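Subject: Structure handover

Hello,

Here is the structure I said I would pass on. Please look through it first, then read the notes below.

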Amino acid sequence: MHLSIIIPNWNGRHHLDDCLNSLAQQTYRDFETLLVDNGSNDGSQAHVREHHPTVKVEDMGKNLGFTGACLAGWRKAQGDIVVLLNNDTAVDPNWLSAI
């Protein structure tokens, strides 16, 4: 089963490495990660593209809020299951396996 993880972001670059590195450590590997960026001006998008190239970055160009970013990501998601994850969250390596 393919999963989609949607991470809404607004100026959360300082959180992203912990979050995205924890996803890279998942034991379950059939998933995509979508970072939906609400017009950040802290370099979040460039940082993710450079340091986490497997993450798909969706640039909203403006702040749509948490719900708007989640809905935009949901429209782009390709997974059978869609999971919403805050950008300040680091998950256990077996998190997706448990889902």
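A polar atom of the Asn38 side chain lies 3.1 Å from the backbone nitrogen of Leu64. A polar contact is a pair of N or O atoms within 3.5 Å; within protein, one must be able to donate a hydrogen and the other to accept it, and residues adjacent in sequence count only if both atoms are side-chain atoms. This is a predicted model, where local features need pLDDT of at least 70, side-chain atom pairs count only at pLDDT 80 or more, and totals for chains, interfaces and linings use all residues. Residues are numbered from 1 along each chain as its sequence is written, and side-chain values use heavy atoms, with hydrogens and water left out.

Asn38 sits in the loop between β2 (31-37) and α2 (44-51); helices (H or I, at least four residues) and strands (E, at least two) are DSSP runs, numbered from the N terminus. Asn38 has 4% relative accessibility, so Asn38 counts as buried (under 20% relative accessible area, 1.4 Å probe, protein chains only). Leaving aside residues up to four places away in sequence, Asn38 touches several residues, among them Trp10, Leu64 and Phe66 (contact means heavy atoms within 4.5 Å).

Asn11, in the loop between β1 (3-9) and α1 (13-24), has a positive phi of about 50° although it is not a glycine. Asn11 is also buried, at 18% relative accessibility.

The whole structure has 0 disulfides (pairs of cysteine sulfur atoms within 2.5 Å). Cys19 is buried at 1% relative accessibility, and Cys70 is buried at 5%.

Regards

Technical notes. Buried means under 20% relative accessible area, exposed over 50%, partly exposed in between (1.4 Å probe, protein chains only).
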